[in-house]
Amino acid sequence: MKRIVHFRLAMLLALLGGAALMTGLRATESPDEPVKNDPGKVASPPPTGATAAVKPKPLNEVVDRGLAYLISQQNENGGWDQGGGWRSSKGGGRTPESGNVEDPPDVASTCMATLALLRAGHTPKEGKYAKNVVKAIEFICGHIEKSDQKSLYVTDIRDTQVQTKIGPYVDTFLASLILAEMKGRMPDEKSEKRMITALNKTIGKIEDNLKEDGTFAGNNGWASVLSQGLCSKGLNRARQAGFQVKDETLARADKQAASGLDLKTGGFGAAAGMGAAAPSDAGVGIYSSAAKNSSLQDSVNTNRLREVDAKRVLGDAKTSKEEKTKAQKDLDHFAEVEKANQAAVGGLVKKLDDKQFIAGFGSNGGEEFLSYMNISETLLVKGGEDWQKWDKQVTENLDRIQNKDGSWAGQHCITGRTFCTSSALLVLMADRAPVPLAAKIKK
């Protein structure tokens, strides 16, 4: 029997859908959109700034060992391979996990490893591993530059574990996330220009292929809801940093994040009306709940910045009636997304004591580590006892299962040590994830 969707959710989706239909020209051609970053100028930091939502814990030996492991695995070209394990064969099956299996560096693994280094304070300008980060960004930008203009791919590497399990476009979504967080951090003007150009191309690919319901054709995978969540996170982080992302694009991402939400219980069921188009969660509740919660939280963080501009327009006697109407619609939209986020977080908190829910597939894989990161980045904005309890619980577990060489490995699906180690580190350092000041202040 299909889950009955609460009436208020239907109203939310209708609002989001209405916003999504406001199609038009690219953001550079609309006065209501942020100006596209000019690759001929060095990007300035976001005017509103960003900070950690809570006071970050000091980095400990567990994190240091994990970072050292990642550095030991970086290839000469700046990229990371998946770190062993199976790959998909040409016939669609799996290659053996042992033996001479080709494992070239790939964009998704490199993005995850670089993001872990960034969370630990290693930027292209600062930190013990600054040169490693520079090489990694060069690797990512190189793949994006060689990719075509129309498809959603940013790499010609295929059939990695991560692509097979959470979606073939995960490289693109992760590239948008790491490059958005590199704004203003590149070592010189030339590298900053290159990074900005690569990110603008990546965002353009996402926007050109994004469907009205917020999904992507062909984004199939065992748990593709996880890559869908990374896409939303990347788009929102880019907008928070001041990059061009259309209002329409964000509205579609919001619509997808809220799909299947029961506002009464805060749980996520089957996405109403989407059928087979809904991203798969492999029947594992924590995957969809964590990904969608994180997407909604990142959207709220973005909207609290946008709310400032919308209120300014409403309060300005010189703005036109059309501008005021749009501003009010935006504020109504932000309020509905905030309501959905509050319901979803409430539903998530209720499940944190459910051992079966937290166990995910039943053993640790990259999907579980990524889900824990999503939960952490959601709860850290909430703060308080719920955040502290969860952070203590997940930290103790990750500390316990770290391998002697500093890595983490999966026991199912995504088993490669690069993704698993990087995502585990991102859980341990979730309290260092950037949150716009406006989102931190308004609680």
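Guide: Welcome! The model is predicted, so local features need pLDDT of at least 70, side-chain atom pairs count only at pLDDT 80 or more, and totals for chains, interfaces and linings use all residues. Residues are numbered from 1 along each chain as its sequence is written, and side-chain values use heavy atoms, with hydrogens and water left out.

Visitor: What makes α4 oblique to α7?

Guide: The axes of helix α4 (residues 130–146) and helix α7 (residues 189–209) come within 10 Å and cross at roughly 50°. Angles under 35 degrees count as roughly parallel, over 145 as roughly antiparallel, 65 to 115 as roughly perpendicular and the rest as oblique. That makes α4 oblique to α7.

Visitor: Which residues of α4 and α7 meet?

Guide: From α4 come Glu138, Cys141, Gly142, Ile144 and Glu145, and from α7 come Arg194, Met195, Ala198, Lys201 and Thr202; contact means heavy atoms within 4.5 Å. These residues divide into four nonpolar, two polar and four charged. Ala, Val, Leu, Ile, Met, Phe, Trp, Tyr, Cys and Pro count as nonpolar, Asp, Glu, Lys and Arg as charged, and the others, Gly among them, as polar.

Visitor: Why are Trp222 and Tyr287 called an edge-to-face pair?

Guide: Rings of Phe, Tyr and Trp (its six-membered ring) pair if their centres lie within 6.5 Å; planes under 30 degrees apart count as stacked, over 60 as edge-to-face and the rest as tilted. For Trp222 and Tyr287 the values are 5.7 Å centre to centre and 65° between the planes, so the pair is edge-to-face. Trp222 lies in the loop between α7 and α8 (225–240) and Tyr287 in helix α10 (residues 285–315), so this pair ties together parts that are 65 residues apart in sequence.

Visitor: What other ring forms an edge-to-face pair with Trp222?

Guide: That is Phe361, at 5.3 Å centre to centre with 80° between the planes. Ring pairs link Trp222, Tyr287 and Phe361 into a cluster.

Visitor: And what makes Ser289 buried?

Guide: Ser289, which lies in helix α10, has a relative accessible area of 4%, so it falls on the buried side. Ser289 touches Phe268, Leu348 and Phe357, not counting residues up to four places away in sequence.

Notes. Axes fitted to C-alpha atoms, helices over the stretch in contact; angles between N-to-C directions. Helix = DSSP H or I, 4+ residues; strand = E, 2+ residues; numbered from the N terminus. Buried < 20%, exposed > 50% of the residue type's maximum accessible area, 1.4 Å probe, protein only.
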